Amino acid sequence: MRTTAAAGIVFANSNDNLLRNLTSQRSMASVPFGARYRLIDFSLSNLVNAGIANIGIVTKENYRSLMDHVGSGVHWDLDRKNGGLRILPPYLANGIKRYSGTVDALHGAKDFIERCNCDYIVLCAADILANVDISALLKAHVETGADITTVYHTGMLPPNRDDAMIISLDENSRITSIEFDGVAGAVKSYGIGITVIARDLLSKLVNDAYENDLPSFNRNVLAVKVGQLKIFGFEHSGFVTLMNGTDSYYKASMALLDTDVRRQLFNSNRPIYTKTRDDMPTRYGTKANVSNCVIADGCVINGIVKNSILFRGVTVEKGAVVENCILMQETAVGANAQIDNVIADKNAVIGENMVLKGTNEKHFFIKKNQIV
Amino acid sequence: MKNKKCVAMLLAGGQGSRLGVLTSKIAKPAVPYGGKYRIIDFPLSNCANSGIDTVGILTQYKPLELNDYIGSGKPWDLDRLEGGVHILPPYQGQKGGNWYKGTANAIYQNLEFIERYDPEYVLILSGDHIYKMDYSKMINQHVEDGADCTIAVLEVTMEEASRFGIMNTKEDGTIYEFEEKPKQPKSNLASMGIYVFKWNKLKKYLVEDEADPNSSNDFGKNIIPNMLAAGEKLKVYRFNDYWKDVGTVDSLWEANLDLLNPNIDLNLSDSNWRIYSRTTGMPPQYVSQGAKVENSLVTDGCEIYGSLDYSVLFDNVTVEEGATVDYSLIMPGAVIRKGANVRYAIIAENADIGENADIGGDPAIVGTEDWGITVIGSNLKVGKNAKISANKMIVDNVDEGEKI
């Protein structure tokens, strides 16, 4: 199969409501993660690492920060004459409603789908965190002769994710049933929001569903047609998180402190690309004391930092103590401040001597640009 | 082709032989600096930040890595529809070809390149120095002075002056004499190797110089003295900020450690004057529990389990448990294995320092007579328990337990 035979569609606003704190001014796709990334970097890099260079990003709302981030796509090598990156915002016209589900979203992207000149389309939700081998997925899809192949993971079902497809498979990995509304914590095989499908079939299924006012591609199309179509599963056994609330965001972030998780998410054969900012390397001062932290470039650390994730340009002044925190881009922690279990959105300022303590159950959240 | 006011020509062909094993496989401008940069990032970023969008890069010695690094010029915003970055190696013409015989000859061989842009001014740069400079200010002064050539100079101490090319000037900054490494310097204005010329003047002198069979075809030795002798108007442009030649192992090491010194004014985090570099696809750095990181620069892809003090780590460096790194530069991809001790050393790209190896010496212990920076060449393997003393340049693998 030519590697260019597939195009990708990324849903930028998947489950925005589950990370309300972080998505009040941005889409799920542009939620900052892992010291130097946005969630969409994982989807885009997964696709690009499989040689897919024709990608549409379906947006619904709050997509300014996403557009800032992806730009022309150059950081993912997606500024191309053939294909490349396209943002597909909603358009309002007589009789066309703003997206209420994935069927509407895909219907809105029908020009992209029809013109992309590819045999297959890989659909990706932006609310997942995983480094998935999409070339292997495409290869399996072709070899099994499947109509549709969806990526699944076997493990505990995340909370708040009624939309996760719970699947049963036969010994050939063909999916025999798709259910929803699983009980959180139960061990199941569940879809992680990445599905490959022939382009013509996708067009047809989306058109039919749209005509019939069906909202969800997974729930109202795939689950219903599981007997008629050959739908296969492709297992991703590595690290995965389906975002399901601030708590899961925090846990997934802290999972990066585990070397094994970092190896699974950041693999030099399938690197995760992001927008570069040309920060200088991080500077550690004489009084710096850093332990078990993931840190981006451009930070200046003169205090104590433990078990934390520091994004680009964070400053920690002398005598400050930062523990169990996620501090996003340009957060400034003043001298002798003490913060624990804090999630600070971009450009937050924490004044000198300030004491802020969240708990492992309830993190103290500081909004973008907020001064404490 | 639209004409350009100023074209920059960057001399990047030098071997940098005084850097020894560090330039055995790469040209000097491609030598890593400051954790995530290469030396050439400085003149290229200065060009981009000064609004100069047409840069010819003259390459000759081991250009592969440098060519790769420069690519389309995108990281420096020098991938342009008109102009942009051009790599200019020596080439064959109808009557054969020549290597670049000297700095002036390198420019002479590329007259056609410059002519395509029909510039008023040409800026000559080199790829050997660490500094941030707004070239547009220098060009503006050159234009206001109506000079034929303007040479950037730095005030050095009188003791240092005999190591530099020295400009002897009148009060108004007009140069009346140029002395290369004078024993008895008359002035302390050292040439930084940065020149702005009126293009028509430079062209005339390049052509004349080429016709002289006895010339070394060098800017400092030939072009500048010839212009002075002919009474052309040469002026100095004074530069007062940080500038460092990184042509030797010691100066490269010092220039890196300068980044850790709060009293030295080389701010690489100024968002108005970014130093750009080509980096991509690396995860953030990880500092483990039990690690100790002080007075150091660390960048993407590094994993630190040991101790660092007064060191600069480049991308993808691993320092394993119990290893210590002091007063050292660890270049991209190098690994310092468990219990190894590295001090006063430069570990080049992808070198592998074995468990409990002991590299380099502390001047306080070794004594200044025998002391020097120890350099381990790129891709070399230093075996377990090997001991390499101060002031060594290692060019081959070192066996387990070997003492050098």
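Predicted model: local features only at pLDDT ≥ 70, side-chain atom pairs only at ≥ 80, totals over all residues.

Q: Okay, domains. Which stretches of chain A do they cover?
A: Domain 1 covers residues 3-265 of chain A. Domain 2 covers residues 283-366 of chain A.

Q: How many Å separate their centres?
A: The centres of domain 1 and domain 2 of chain A are 33 Å apart, taken over C-alpha atoms.

Q: And how many residues are in contact between domain 1 and domain 2 of chain A?
A: On the domain 1 side of chain A, 19 residues are in contact. They meet 22 residues of domain 2 of chain A.

Q: What area do those two domains bury between them?
A: Domain 1 and domain 2 of chain A bury about 1,600 Å² between them. Carbon and sulfur atoms account for 66% of that.

Q: Which three residues of domain 1 supply more than any other three?
A: They are A:Ala35, A:Tyr250 and A:Leu257. Together they supply 40% of the area that domain 1 of chain A buries against domain 2 of chain A.

Q: What about charges? How many salt bridges cross between the two domains of chain A?
A: The rule finds 1 salt bridge across that interface. There are also 5 residue pairs in polar contact between domain 1 and domain 2 of chain A, both residues being at pLDDT 80 or more.

Q: Which element gives the most to the domain 1 side?
A: That is α9(A), with 6 residues on the side of domain 1 of chain A that touches domain 2 of chain A. The residues on that side divide into 10 nonpolar, 4 polar and 5 charged.

Q: One more on salt bridges. What does A:Arg26 pair with?
A: A:Arg26 forms a salt bridge with A:Asp345. Their closest N and O atoms are 2.9 Å apart.

Q: New topic: chain B. How many residues of chain A are in contact with it?
A: 34 residues of chain A are in contact with 34 residues of chain B. The area buried between chain A and chain B is about 2,700 Å². Carbon and sulfur atoms give 45% of it.

Q: Which residues of chain A lose the most area to chain B?
A: A:Asp278, A:Met280 and A:Tyr284 do. Together they make up 24% of what the chain A side buries.

Q: How many salt bridges are there between chain A and chain B?
A: The count is 5. One of them joins B:Glu303 to A:Arg262, with the closest N and O atoms 3.2 Å apart. Polar contacts between chain A and chain B come to 27 residue pairs, both residues being at pLDDT 80 or more.

Q: Which elements of chain A give two or more residues to that side?
A: They are α10 (259-265), β14 (282-284), β15 (289-291) and β16 (293-295) of chain A. The residues on the side of chain A that touches chain B divide into 17 nonpolar, 8 polar and 9 charged.

Q: Is β16(A) parallel or antiparallel to its partner strand in chain B?
A: Antiparallel. 3 bridges join β16(A) to strand β16 (residues 285-287) of chain B. A:Ile295 stands opposite B:Gln285 in β16(B).

Definitions and conventions
Residues numbered from 1 in each chain as written. Chains lettered and ligands numbered in written order. Heavy atoms only, no water. Domains from an automatic or database assignment. Contact = heavy atoms within 4.5 Å. Buried area = accessible area lost by both parts, 1.4 Å probe. Salt bridge = Lys/Arg side-chain N within 4 Å of Asp/Glu carboxyl O. Polar contact = N/O pair within 3.5 Å; in protein donor to acceptor, adjacent residues only side chain to side chain. Helix = DSSP H or I, 4+ residues; strand = E, 2+ residues; numbered from the N terminus. Nonpolar A, V, L, I, M, F, W, Y, C, P; charged D, E, K, R; others polar. Pairing = 2+ DSSP bridges.
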